[in-house]
Amino acid sequence: MNKLFLYGRNILPLLILMSFLLIISCSKPVNEVVDSFKDKREVPTMTTLDVVSLVSDSGITKCKFDTKEWIMYEKAQEPYWLFPKKFYLEQFDSLYNTVASVRGDTAYFYKNKKLWKVIGNVEVINKDNVTFTTDLLYWDQISKKIYSDKFVKIVRDDFVATGQGFESDETMSNYKFTNSTAEIPWQAQPQNLNDSLNSDSLAIEVAINDSLRREDIKNHLPKHEE
């Protein structure tokens, strides 16, 4: 009995020392991680995975987004949300009908500016099933405009048009391009000489009208951050 007591008494200081060393070894990496952020504004305030969420503006539901990862930087100088993985968004009208959908590789939402920025393989489909594809898209909820200064392609039925930049309303129904061109599908090529002449005349008219309004559109294209 005495031997057991002496053994326990001798090992107690050793257990205390081991516990102390364990606490130090565990706490050191945590301190190193925290100290690595010189500016606390760089630290995410929340990270959520596999999210489906509704976004409201003035009590009105404006859109729904679906994403694999949602990271909030609420303490940043310009607070923003980051969606680093595949991003999908649906925009609603006042009756909660989908008026446009947007998908892309990465997205940002700047809270104070109410500005969405979608990057990489961006695809927009409006209520008329017209598809827009580009590498960069902005949606300004304050000015109620969607725009880009990058190459954009629009597909409507069998008609294809391209441009270097565009501007649209929020529904993507009223839009205009800069430096636009049009492509006539092979199925729509003229079958005889008269059709060919009419088609050429139409193409010339489109080109003239486009060149006349091109500078005016460029002057009204919204400015944005790079």
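What follows is a short briefing, grouped by topic.

This is a predicted model, where local features need pLDDT of at least 70, side-chain atom pairs count only at pLDDT 80 or more, and totals for chains, interfaces and linings use all residues. Residues are numbered from 1 along each chain as its sequence is written, and side-chain values use heavy atoms, with hydrogens and water left out.

**The big picture**

- The protein has two helices and 12 strands; helices (H or I, at least four residues) and strands (E, at least two) are DSSP runs, numbered from the N terminus.
- Walk along the sequence and you get the pattern α-β-β-β-β-β-β-β-β-β-β-β-β-α.
- Of the 226 residues in the protein, 33% are buried; buried means under 20% relative accessible area, exposed over 50%, and partly exposed in between (1.4 Å probe, protein chains only).
- Among contacts with a separation of 6 or more, 38% are between residues 24 or more positions apart; a contact means heavy atoms within 4.5 Å.

**Strand S6 and its partners**

- Four of the five residues of S6 are buried, so the strand is largely enclosed by the rest of the structure.
- S3 and S6 run antiparallel and are joined by four bridges; two strands pair if DSSP finds at least two bridges between them.
- On the S7 side (residues 115–126), S6 pairs in the antiparallel sense over five bridges.
- S6 and S7 make a hairpin with four residues between them, and Lys-114 in the turn has a positive phi of about 55°.
- Phe-109 of S6 is the bridge partner of Trp-81, and Phe-109 also stands opposite Trp-116 in S7.

**Aromatic rings**

- There are 20 aromatic pairs in the structure; rings of Phe, Tyr and Trp (its six-membered ring) pair if their centres lie within 6.5 Å, and planes under 30 degrees apart count as stacked, over 60 as edge-to-face and the rest as tilted.
- One of them is the tilted pair of Tyr-80 and Tyr-108, 6.1 Å centre to centre with 45° between the planes.
- That pair links distant parts of the chain, with Tyr-80 in S3 (residues 80–83) and Tyr-108 in S6 (residues 106–110), 28 residues apart.
- Tyr-108 is partly exposed at 24% relative accessible area.
- Phe-109 and Trp-116 make another tilted pair, at 4.5 Å centre to centre and 35° between the planes.
- Both count as buried, Phe-109 with a relative accessible area of 6% and Trp-116 with 1%.
- Phe-109 and Trp-116 belong to one aromatic cluster, together with Phe-65, Trp-70, Trp-81, Phe-83 and Phe-87.
- Lys-117 lies over the face of Tyr-108, at 6.0 Å from the ring centre; a charge sits over a ring if NZ of Lys or CZ of Arg is within 6 Å of the ring centre and within 35 degrees of the ring normal.

**Nonpolar cores**

- The largest nonpolar core has 28 residues, and Phe-65, Phe-83, Trp-116, Phe-132 and Leu-137 touch the most other members; such a core is a set of buried Ala, Val, Leu, Ile, Met, Phe, Trp, Tyr and Cys residues joined through side-chain atoms within 4.5 Å.
- A second, separate core of five residues includes Tyr-110, Leu-136, Tyr-138 and Tyr-147.
- Beyond four places in sequence, the contacts of Leu-137 include Val-102, Trp-116, Ile-146 and Phe-166.

**The loop between S8 and S9**

- Gln-141 sits in the loop between S8 (131–140) and S9 (145–156), and at 5% relative accessibility Gln-141 counts as buried.
- Not counting residues up to four places away in sequence, Gln-141 touches Lys-62, Phe-109, Lys-114, Trp-116 and Glu-170.
- Lys-144 is found in the loop between S8 and S9 too, and Lys-144 is partly exposed, with a relative accessible area of 43%.
- Phi of Lys-144 is near 60°, a positive value in a residue other than glycine.

- Asn-121, in S7, counts as exposed at 54% relative accessibility and has a positive phi of about 50° although it is not a glycine.
- Leu-49, in S1 (residues 46–57), counts as exposed at 55% relative accessibility.
- Leaving aside neighbours within four places in sequence, Leu-49 is in contact with Lys-68 and Glu-69.
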